[in-house]
Amino acid sequence: METPGSQSSLHRANLERVVRAVRLAGSLTQAEIARTTGLSAATVSNIVRELKDGGTVEVTPTSAGGRRARSVSLSGDAGIVIGVDFGHTHLRVAVGNLAHQVLAEEAEPLDVDASAAQGFDAAEELVNRLIAATGVDRTKIAGVGLGVPGPIDVESGTLGSTAILPGWTGTKPAEELRGRLGVPVHVDNDANLGALGELVWGSGKGVRDLAYIKVSSGVGAGLVIEGKIYRGPGGTAGEIGHITLDESGPVCRCGNRGCLETFAAARYVLPLLQPSYGTDLTMESVVRLARDGDPGCRRVIADVGRHIGSGVANLCNLLNPSRVVLGGDLAEAGELVLGPIRESVGRYAIPSAARQLSVLPGALGGRAEVLGALALALSEMGDSTLLDGTMPVVAPAFT
């Protein structure tokens, strides 16, 4: 029996520290593991050898700084995680392993007026289809990450009243999907998962403090502080779309007037252009027209960028992030929107905060949220399951 402070309990703790570091990063050299965990190089070498012999990790030759090194990642068959992302008009699901490799991914349209039950029916069917297509062992499922377009109450797990999907308010998404799939489900809003996806795989890689701004049917921000998503005690941190820009402006869905969302979100921006361009106009087509030189679309995107920049300037003054990553369809506009954002930040943010900030487009596009859902599932799973060779038992419903 292990006792606190004993050599066996210390060794177990060190094993878990190494496994956790590798699990969160995807792959690390032994030197990077030592820096991340604070363990000595000799201790890391011994632990990696033990984990490799036990089949928990794989070691492959690589190079770092021009020198030969060994890259350590979790074994490809150690377990799998599933990411599910509900958007305003889409459902996207991905299956990945613990080595951060995506094994299968698929998206399909989602009727914005569909009920929550219909949405979860579609998610269950798509998850089952991808599991069957990959041929992975269902007993290896470590967990599911779930993204929804609205704030999640931390204590109750309930989707808040400012959710984009009508009829979903008051539902408990994690509880609903857990009952269908029979495995642990961890839920967060889409902006937080976009931040997590870009942090692990995209434009935020290597950064400890960033804000991911998603502009779509709504406007939200995922905040990363000291390498971790900051949600706030109630789970509503990052609702940048409801910063007031004009107290006499349009009425927002939250009940206030002149929120940033009423000047930047697609539902408010597209009507400005529809008299000239038709009712079938989408934000994606606006961006495409702007890139092709259309003056009206360029003007609207520049205006949106300046409004977003005002919100980003507030974030800079409060949190002083080192990087802002712009996601959603608008990010495809590149400098047409990033330039005006930087202009507003330079005008309204504290100079020292503005100088330290870089504003970049997201690298993952529409995949940011589902990859963030995979990262959420990876971050929430316990390391003891890997070391003990156990995984959650899958309920009969998941067939």
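Helix H8 (residues 266–277) packs against H10 at an angle of about 170°, the two axes lying 11 Å apart, where axes are lines fitted to C-alpha atoms, for helices over the stretch in contact, and angles run from 0 to 180 degrees between N-to-C directions. H8 and H10 are therefore roughly antiparallel to each other, a term applied to angles over 145 degrees. On the H8 side the contact (heavy atoms within 4.5 Å) is made by Val269, Leu273 and Tyr277, and on the H10 side by Gly296, Cys297, Val300 and Val304. These residues divide into six nonpolar, one polar and no charged, with Val, Leu, Tyr and Cys among those that count as nonpolar and Gly as polar.

The model is predicted, with local features requiring pLDDT of at least 70 and side-chain atom pairs counted only at pLDDT 80 or more, whereas totals for chains, interfaces and linings use all residues. Residues are numbered from 1 along each chain as its sequence is written, and side-chain values use heavy atoms, hydrogens and water being left out.

At the start of H10, a side-chain oxygen of aspartate 294 comes to within 3.1 Å of the backbone nitrogen of glycine 296, while asparagine 320, which follows the helix, has a positive phi near 55°.

Helix H13 (residues 368–380) is mostly covered, 11 of its 13 residues being buried, that is, under 20% relative accessible area (1.4 Å probe, protein chains only). Among the buried residues are Glu369, Gly372 and Leu378.

Technical notes. A polar contact is a pair of N or O atoms within 3.5 Å; within protein, one must be able to donate a hydrogen and the other to accept it, and residues adjacent in sequence count only if both atoms are side-chain atoms. Helices (H or I, at least four residues) and strands (E, at least two) are DSSP runs, numbered from the N terminus. Angles under 35 degrees count as roughly parallel, over 145 as roughly antiparallel, 65 to 115 as roughly perpendicular and the rest as oblique. Buried means under 20% relative accessible area, exposed over 50%, partly exposed in between (1.4 Å probe, protein chains only).
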